[in-house]
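Grab a pencil and let's work through some salt-bridge exercises together. Try each task yourself before you read the solution.

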Amino acid sequence: MRLEPKDLFQRLEFDKVLLLIEQECQGELGKAAALQIKPGANLERIETKLKETREMRRAIEYNDRMHIPAYADLQEDLQLLEIQDYVLPEDGLRRLNVSLVAVAGIYDFFTDTRREVYPAMYDIVRQIHFDKTLILEIDRVIDPEGNIRANASPELERIRKAMQGKLRELDKVFREVIQNYRTKGWLTENIESFRNGRRVLSVPAEHKRKVRGIIHDESATGRTAFIEPEAIIPINNDLFDLEQEERREVFRILKALSALLRPYVPQIRKYQELLVYFDVLQAKGRVGLMMKAGQPQMQQMPAVQILDGRHPLLFLRNSPLGKATVPFTLKMEYGNRILVLSGPNAGGKSITMKSVGLFQLMAQSGLLVPVDERSVFGIFSNIFADIGDQQSIEDDLSTYSSHLNNMRRFVEEANERTLILIDEFGSGTDPQMGGAIAESVLRELNFKKVFGVVTTHYSNLKIFAFKSKGILNGAMHFDKDHLLPTYELKVGRPGSSYAFEIAIKNGLDPKILEYARHRSGKSETAVDQLLIDLQKEKQELEEQLAQMKDREEKLERLMKSYEQMHRDMEFRRKKQKLEAKELALQQVSRDNQAFEKLIRELREAGNLEKAKELAALKKEERQQLQHQVVELKEEVYLVPEKKRKELDIKAGDHVKLIQGGAIGKVEALKKDKAVVLVGQMRMTIPTRDLQPANEPLSVQQGKSIQTDMIQKSAGFQSKLDIRGMRLEEALKIVEEFVDHALLSSANNLRIVHGKGNGVLRKAVRMKLKEYNLPMAVTHPEPELGGDGVTLVEIQ
């Protein structure tokens with residue numbers, strides 16, 4: 001990714017955002033990493049970082065915080081530890097332990113629940129296995145303050161207990177000596193002291209020959225001698241020997257621990273990298289929360305769709321003062337890519353332009369952006385900016401020359417994946433010639449299909465933007481009544497500089513302003529106003545065109561919906577008629593018994609002709625009803641060949657089952673049959689029994705159950721296995737299974753759920769009770785599954 005100029009971060013104030021993140025980091029390595037954050041162009045990596053930061057921000061917002069303490073840089077300690085037989089000192093082990101405990105805290109943070117709540121953050125730690133034995137080994141030797149534990153080894157424990165015993169003995173003997181010499185008046189007021197690591201008596205010079213022992217020191221005046229009494233010399237010697245033993249044992253323990261840790265140095269480096277990553281991630285989450293920033297939508301193609309954006313630094317500065325930060329919305333659509341932004345000085349043009357660039361840098365760096373989360377940012381390979389005074393004495397460049405130098409580079413290197421930001425375009429030289437050159441550069445940049453925001457006061461650039469496809473005028477609104485800027489961005493119309501109004505507000509002499517008005521003439525003002533009116537009309541026409549297209553799409557959807565409703569109503573009408581005929585046919589069948597009895601009576605009475613006449617009449621009535629039922633069935637359920645060709649059902653289409661009304665998705669076509677996935681059920685159905693349908697609301701998919709249903713009453717598999725499924729999944733699949741069993745007129749069902757703790761068995765029984773149908777629910781013999789299988793007989 002190319003950024004121009006080299007100090008682009010400073011010009012767009014991205015460096016200040018990084019400083020905010022650095023201040024929130026706990027370790028020096030994290031602070032250094034925060035300052036090294038740079039924008040990238042890999043969409044997948046950017047989206048991953050945004051998800052991680054958003055999850056961290058949510059954790060902080062809901063006080064579900066991950067504790068990361070202050071930690072040290074372990075690089076030097078690990079380099080020394082890699083040296084064979086090197087012994088890491090206690091301070092180094094303490095630093096190592098602090099970092100490992102912090103990493104352990106990160107892993108402990110991800111409980112089963114949090115793994116589901118923060119999946120993106122969990123993916124970071126899931127890649128690295130953490131070995132807690134390292135902490136246990138260090139903790140066995142080093143306490144939290146970084147000191148060697150007394151029980152680090154049995155030998156060290158013995159030595160320290162012996163030292164404590166000698167110290168108690170020393171204290172007892174020393175006090176006896178003090179008591180003896182004090183009664184004799186051989187001690188000063190400051191009775192005791194320490195010299196050369198030994199406990200000594202403070203003895204006046206005139207009595208020093210009377211006290212037996214070793215003189216370790218004298219006062220500066222020579223009036224006081226510091227004497228180690230003879231009685232405690234053997235005890236001190238014993239203590240000295242024990243201290244030497246302690247040092248040797250501590251060295252041995254540290255050497256053994258260093259040898260144990262040495263093979264894990266590469267792993268420990270990974271742990272430190274993980275700790276630094278989460279330190280920076282937590283800092284990004286905190287800063288995102290302070291800015292009230294969110295995760296925008298990202299896409300591979302360049303795009304600028306900013307909704308309710310606020311400059312983050314301005315927002316942070318205004319919030320403590322109770323000032324509102326006016327948001328702006330900038331949507332580059334209908335083929336527009338460049339915004340020519342005009343308006344009064346101090347009206348917010350430069351802040352708005354910088355905000356666009358800053359938002360882009362933040363988004364491509366994986367930082368949350370203070371915009372509405374419906375905002376869309378594309379990926380840019382180049383971000384070029386010409387902001388502020390860039391004159392250079394060393395390069396012999398004036399202000400305007402530096403601007404021209406930037407324009408040359410921009411034109412040469414820009415492409416359709418470039419974002420350009422230019423402040424006060426064309427300024428720094430004669431307005432007429434500078435405006436013409438700026439217009440030519442803008443024309444060339446537009447030809448290269450770059451995206452960008454350009455601020456200007458030049459009318460020719462506003463007119464060029466109005467006439468050119470791909471360029472859009474915009475203005476910072478100005479309250480003419482109160483002569484104050486409102487800092488509101490109005491896209492679609494150019495703005496006036498309001499030079500005379502601002503001059504009046506600043507108290508410039510009216511005589512001077514009158515002369516200025518006379519010199520500027522009416523044409524300049526008229527052109528500005530005409531341009532504003534034309535732009536307004538153009539914007540209104542574009543909005544009307546967009547509304548008409550939207551209405552046309554809605555009308556087309558309504559027509560399709562009406563046609564579908566009409567087909568559904570026609571189907572229901574015919575189906576009701578069919579049901580009535582079927583009921584009549586059933587009634588005729590029931591009446592047959594009475595007619596047969598009557599015919600028998602007539603035959604017995606000898607009236608054979610009358611009996612034959614009644615039998616023929618009844619037969620004809622029954623055949624007529626049967627014929628009508630057959631015709632209606634064909635009309636309702638069979639789609640004519642011509643109509644089937646018009647429907648043109650393809651793989652991937654959503655269809656509706658004529659019988660039952662269920663909606664599914666066509667997975668494959670096999671001659672005149674289709675494999676349709678309805679919920680969790682996979683069925684093979686004749687295409688004549690299907691009709692096109694809209695896509696239903698999506699539901700979360702669970703484990704699929706494959707069943708082939710050639711027709712409504714054939715091929716249904718009456719066995720269902722829900723072992724290993726979650727409760728919600730299992731209940732949903734059982735419900736669909738029973739629904740299809742009822743459609744298929746299946747009476748005997750077998751549901752295998754396993755025994756376990758009985759949760760699935762109870763849940764299945766509760767689900768079956770919801771149907772409110774007469775059914776027998778039992779379990780087979782133990783050798784056939786027992787309580788792990790539920791048998792259902794629908795009566």
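## Salt bridges, step by step

Glu412 and Arg408 sit 4 residues apart in helix H15 (residues 399-413), which puts about one helical turn between them. Keep in mind that this model is predicted.

**Exercise 1.** Work out how the side chains of Glu412 and Arg408 meet, and how exposed each residue is.

*Step 1.* Look at the N to O distance: it is 3.4 Å. A salt bridge needs a nitrogen of Lys or Arg within 4 Å of a carboxyl oxygen of Asp or Glu, so the pair Glu412 and Arg408 counts as one.

*Step 2.* Now check accessibility. Glu412 has 53% and is exposed, while Arg408, with 42%, is partly exposed.

**Exercise 2.** Explain why Lys208 counts as buried, and find where its partner Glu218 lies.

*Step 1.* The side chains of Lys208 and Glu218 form a salt bridge at 3.1 Å, N to O. Lys208 is in the loop between strands S3 (198-204) and S4 (213-218), and Glu218 is in strand S4, 10 residues apart.

*Step 2.* Lys208 has 19% relative accessibility. Glu218, at 37%, is partly exposed.

**Exercise 3.** Describe the pair Glu137 and Arg140.

*Step 1.* Their side chains meet in a salt bridge of 3.4 Å, N to O.

*Step 2.* Both belong to helix H9 (residues 133-141), 3 residues apart, or about one turn.

*Step 3.* Glu137 (27%) is partly exposed, and Arg140 (42%) is partly exposed.

How values were computed: Residues numbered from 1 in each chain as written. Predicted model: local features only at pLDDT ≥ 70, side-chain atom pairs only at ≥ 80, totals over all residues. Heavy atoms only, no water. Helix = DSSP H or I, 4+ residues; strand = E, 2+ residues; numbered from the N terminus. Buried < 20%, exposed > 50% of the residue type's maximum accessible area, 1.4 Å probe, protein only.
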